[in-house]
Amino acid sequence: MGAMENEQTTPETYIDGQIAKLKEQGVTFGICAEAEARDYLAEKCPPCKTCSYARLFDTYSEGESEGKYIELDFGQLRYLADIDQRLREILLNMTLDVEHFCKTKLMTMCAVTEEEGRAIISQYMGSLDGERRQRIESELARHDGHSCGGTSDGNNGDVTLWAFLDAVSFGTLLGIVHYCGKYRIGSQKIADYSALHAVKTLRNTCAHGSCILAETYPRADGKRVAPHEVSNAVAAVGVSRRLRRRWLQTAPVAQIASTLCLYAEMVPKGGTRTKRIRELQHLLDSVERESVIPAVNPAMAALAFTKRLTEAFRLVE
């Protein structure tokens with residue numbers, strides 16, 4: 001029994017079983033041969049991840065093929081997995097750019113002097129409850145000695161603002177952005193809090209290698225998930241109400257829209273911005289030219305909408 005169990009859980013047997021299951025579901029192997037698919041699943045992208053993109057394709061609703069996919073080839077699943085990986089790499093860098101320039105803007109708007117910056121941190125830490133304060137102190141302790149300007153020796157009043165920002169997570173950055181917006185700069189705004197939160201969520205998705213394109217379908221309840229400011233910005237650049245209703249209730253696309261919106265607003269023109277947008281534009285153009293998937297597929301339509309936003313927000317030079 002033990003030998004049989006070991007045999008059934010070897011990678012080869014598992015992958016062969018997944019390929020057999022795909023064939024039973026109507027997936028063909030014309031664009032990508034079975035042997036090539038087996039190597040891909042064993043070495044490059046696990047079956048659970050690759051097969052998750054199948055949800056974007058239609059199935060027969062009746063007849064002897066009921067429940068099977070309509071004209072779905074494994075090569076299309078592989079294509080989506082590869083494009084998704086490239087998209088995540090580009091978007092991860094863009095979210096990190098937004099984070100960096102958010103910190104820079106916060107410094108410019110709130111800390112005219114180093115002393116003022118230290119006072120902000122002291123006041124912010126003093127405003128927190130014990131559990132939240134302890135978590136941030138742990139972040140500072142882990143980073144102590146590695147940030148520019150140092151952090152502190154357990155005295156929060158001796159932490160420079162930039163050292164604090166250099167040490168803490170994106171989530172903590174959101175907290176101090178909210179605090180400074182409420183208590184330091186009044187009607188001025190570093191960045192829309194909800195949009196920044198969407199950027200943070202996308203950053204985590206990309207950093208953890210989670211699928212983006214596999215989730216490009218709208219919420220079942222039809223509710224908009226994009227922040228109000230992003231929705232208004234998308235409307236202001238001429239995107240139709242129909243497209244806004246379709247895509248701004250689709251979580252990953254709403255997060256991408258938030259990132260592009262803040263990128264246009266916060267990242268100054270220069271080498272970094274040019275490089276990121278060229279990378280994104282190159283990917284979107286290659287998909288438009290070379291895709292093996294119909295343009296009406298949700299993933300392809302989401303990428304077309306992303307391309308439209310890059311142009312509408314004047315990110316493309």
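**Close-up views of a predicted model**

**View A. Helix H5, end to end.** H5 counts 37 residues and spans 53 Å from first C-alpha to last, close to the 54 Å expected at 1.5 Å a residue. The model shown here is predicted.

**View B. H5 against H9.** Two packed helices are described by the angle between their axes and the distance between the axes. For H5 (residues 74-110) and H9 (residues 170-183), the axes come within 11 Å. The crossing angle is roughly 35°. H5 passes H9 in a left-handed crossing. H5 brings Thr 95, Glu 99, Cys 102, Lys 103, Leu 106 and Cys 110 to the contact. H9 answers with Phe 170, Leu 173, Ile 176, Val 177 and Cys 180. By class, this contact has 8 nonpolar residues, 1 polar and 2 charged.

**View C. His 197 in helix H10.** His 197 sits in H10, which covers residues 193-207. Its relative accessibility is 36%, so His 197 counts as partly exposed: the class lies between the 20% limit for buried and the 50% limit for exposed. Phe 170 is 27 residues away along the chain. The C-alpha atoms of His 197 and Phe 170 are 8.9 Å apart. Phe 170 also belongs to the H9 side of the contact with H5.

**View D. H10 against H13.** The axes of H10 and H13 come within 8 Å and cross at roughly 115°. The crossing of H10 past H13 is left-handed. From H10, the contact residues are Ala 195, Leu 196, Ala 198, Val 199, Thr 201 and Leu 202. From H13, they are Gln 255, Ile 256, Ser 258, Thr 259 and Leu 262. By class, the contact holds 7 nonpolar and 4 polar residues, with no charged residues.

View E. Thr 250 lies in the loop between H12 (241-247) and H13 (251-266). Thr 250 has 0% relative accessibility and therefore counts as buried, a class that requires under 20%. Its side chain makes a polar contact of 3.0 Å with the side chain of Arg 246. Which residues does Thr 250 touch, not counting residues up to four places away in sequence? They are Glu 215, Thr 216, Tyr 217, Pro 218 and Val 225.

Conventions:
Residues are numbered from 1 along each chain as its sequence is written. This is a predicted model: local features need pLDDT of at least 70, side-chain atom pairs count only at pLDDT 80 or more; totals for chains, interfaces and linings use all residues. Side-chain values use heavy atoms; hydrogens and water are left out. Axes are lines fitted to C-alpha atoms, for helices over the stretch in contact, and angles run from 0 to 180 degrees between N-to-C directions. Helices (H or I, at least four residues) and strands (E, at least two) are DSSP runs, numbered from the N terminus. A crossing is left-handed if the near helix is turned anticlockwise from the far one by less than a right angle, and right-handed if clockwise. Contact means heavy atoms within 4.5 Å. Ala, Val, Leu, Ile, Met, Phe, Trp, Tyr, Cys and Pro count as nonpolar, Asp, Glu, Lys and Arg as charged, and the others, Gly among them, as polar. Buried means under 20% relative accessible area, exposed over 50%, partly exposed in between (1.4 Å probe, protein chains only). A polar contact is a pair of N or O atoms within 3.5 Å; within protein, one must be able to donate a hydrogen and the other to accept it, and residues adjacent in sequence count only if both atoms are side-chain atoms. The expected span of a helix is 1.5 Å times one less than its number of residues.
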